[in-house]
Amino acid sequence: MNDSINGKQNILNLGPAELRGVVSAYGEKPFRADQVFGWLSKGVADFADMNNVPAALREKLAENYYIGQPEITDSRESKDGTVKCLFSFSDGAMVESVFMKYSYGNSICISSQVGCRMGCTFCASTMDGLERGLTGGEMLGEVLAMRNHTGEDINHVVVMGMGEPFDNYDELGRFIKLIHEPGGYNLSLRNITVSSCGIIPGIRQFAGDFPQVNLAISLHAPNQELREKTMPVAKKYEFNELIQACKEYTDATGRRITFEYALIDGVNDSRQCAEELASHLKGMLAHVNLIPLNEVEGREYRKARGENVLRFKEILEHKGIAATVRRTLGSDIDAACGQLRRRKSNNCD
Ligand code: SAH
């Protein structure tokens, strides 16, 4: 974990047990740690506002720690209530987060890394490579800053923004534990979804560590040949092995996997692709989320045509595979995820 500024550490990385160690070292009673943790989880951004914590402790904490909520560099609100924020952390690193309203509650899509090194050819987040991973405290900071900004409760978290969560596994794990803490944000594990491009060792570890957290896998192709063209990660973790690892995951956890499939015109949206995909997923505890491609500036791919999206869905359903077409929220505020950050850093907004 390297999340410090001027020698001060981001206190959002600490759970209650670690905070107890800190306050004890300052000669304070352990319950003070729980008070501090409670305030942090409420989204307090200044130690001075922790009004039931003794001033001496607040000062001591402020000498050694800072509260690492990101600042809002840009924010856009859609007519449908979606809010997209470009957040910047203490070192200037920027990520995007999106707040969305659904019938079942409010959700946030957070980033797990600044940039990405997975190299998917249709994705904006990976165009400048990986800058760094976020710490668990910084991921928590995205949720807290978004809740402060919108003034709304957030009861679902999807780790589906910029970055590959399993390329930053330990910090992802720290985040999940932090946000699940009963004395803190107290988010149910079942209300968290992690999306991966298919890093097989990560899937295996995740099944053991967090069997109650939902898993989504970005598949985007029905076979190895096509997948390795758009997703370089497939060269390392091959299609058939990935499907096998997903089966092991559902066997071990009893939980359904969501397969994400971005439909790209003329690339992966044919009748044959749908049939081939169905044959691989047959009998699996799975669900396919079809996403009409978000077109990215500087990428040649175009979104699949409406009738082909529908045909794809019908073929899957006809073969007994549950499929939905992702509702597009916030399409009036920006295009594909990752683009807001690119515009800012290239100064073309
Ligand atoms: N690294 C994680 C999270 C990435 S973003 C993963 O690969 O799952 C979340 C989803 O958006 C992934 O399924 C990703 O493949 C998809 N995505 C990326 N660029 C997209 C685009 N231009 N249009 C539609 N979906 C896209």
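Student: Let's start with Met-231: buried or exposed?
Tutor: This is a predicted model, and in it Met-231 is buried, with a relative accessible area of 1%.

Student: Where does Met-231 sit in the chain?
Tutor: Met-231 is in the loop between helix 7 (224–230) and helix 8 (233–236).

Student: And which residues does Met-231 touch?
Tutor: Leaving aside residues up to four places away in sequence, Met-231 touches Cys-120, Phe-122, Cys-197, Ser-218, Leu-219 and His-220.

Student: How many Å apart in space are Met-231 and Lys-101?
Tutor: They are 30 Å apart, C-alpha to C-alpha, and 130 residues apart in sequence.

Student: Which other residue has a phi near 60°?
Tutor: Asn-186 has one, again a positive value in a residue other than glycine. Asn-186 lies in the loop between helix 5 and strand 11. With a relative accessible area of 46%, Asn-186 is partly exposed.

Student: Switching to the ligand. Which residues come nearest?
Tutor: There are 18 residues around the ligand, and Glu-164, Ser-195, Ser-218, His-220 and Asn-294 come nearest.

Student: Which strands each supply at least two residues of the shell?
Tutor: Strand 11 and strand 13 (257–263) each do that for the shell around the ligand.

Student: What polar atoms lie by the ligand's oxygen atoms?
Tutor: A polar side-chain atom of Ser-195 is 2.6 Å from an oxygen atom of the ligand. For Glu-260, a polar side-chain atom lies 3.1 Å from an oxygen atom of the ligand.

Student: And what about a nitrogen atom of the ligand?
Tutor: One nitrogen atom of the ligand is 2.9 Å from a polar backbone atom of Gly-163.

Student: How much of the ligand's accessible area does the protein cover?
Tutor: The protein covers 91% of the 530 Å² that the ligand has on its own.

Student: New topic, salt bridges. How many are there in the whole structure?
Tutor: A search of the whole structure finds 15 salt bridges.

Student: Which residue pairs with Arg-204?
Tutor: Glu-248 does, and the closest N and O atoms of that salt bridge are 3.2 Å apart. The pair links distant parts of the chain, with Arg-204 in helix 6 and Glu-248 in helix 9, 44 residues apart.

Student: Why do those two count as partly exposed?
Tutor: Arg-204 counts as partly exposed because its relative accessible area is 45%, and Glu-248 because its relative accessibility is 34%.

Student: What about the salt bridge of Arg-76?
Tutor: Arg-76 pairs with Asp-74, with the closest N and O atoms 3.4 Å apart. Both Arg-76 and Asp-74 are buried.

Student: Where do Glu-317 and Lys-313 lie?
Tutor: Both are in helix 11 (residues 306–318), four residues apart, which is about one turn of the helix. Glu-317 is partly exposed, with a relative accessible area of 37%, and so is Lys-313, at 22% relative accessibility.

Student: Which residues are linked in a network?
Tutor: Asp-91, Arg-132 and Glu-138 are linked in a network of salt bridges.

Student: Last one, helix 5. How many residues, and how far does it reach?
Tutor: Helix 5 (residues 169–180) has twelve residues and reaches 17 Å from its first C-alpha to its last, close to the 16 Å expected at 1.5 Å a residue.

Student: Which residues in helix 5 are buried, and what covers them?
Tutor: The buried ones are Tyr-169, Glu-171, Leu-172, Gly-173, Phe-175, Ile-176, Leu-178 and Ile-179. Their cover includes helix 2 (31–42), helix 4 (136–150), strand 10 (156–159), strand 11 (192–196) and helix 6 (200–209).

Terms used:
Residues are numbered from 1 along each chain as its sequence is written. This is a predicted model: local features need pLDDT of at least 70, side-chain atom pairs count only at pLDDT 80 or more; totals for chains, interfaces and linings use all residues. Side-chain values use heavy atoms; hydrogens and water are left out. The expected span of a helix is 1.5 Å times one less than its number of residues. Buried means under 20% relative accessible area, exposed over 50%, partly exposed in between (1.4 Å probe, protein chains only). Contact means heavy atoms within 4.5 Å. A salt bridge is a side-chain nitrogen of Lys or Arg within 4 Å of a carboxyl oxygen of Asp or Glu. A residue is near a molecule or strand if one of its heavy atoms lies within 4 Å of it. A polar contact is a pair of N or O atoms within 3.5 Å; within protein, one must be able to donate a hydrogen and the other to accept it, and residues adjacent in sequence count only if both atoms are side-chain atoms. Accessible areas come from the Shrake-Rupley method with a 1.4 Å probe; for residues, only the protein chains shown count as cover.
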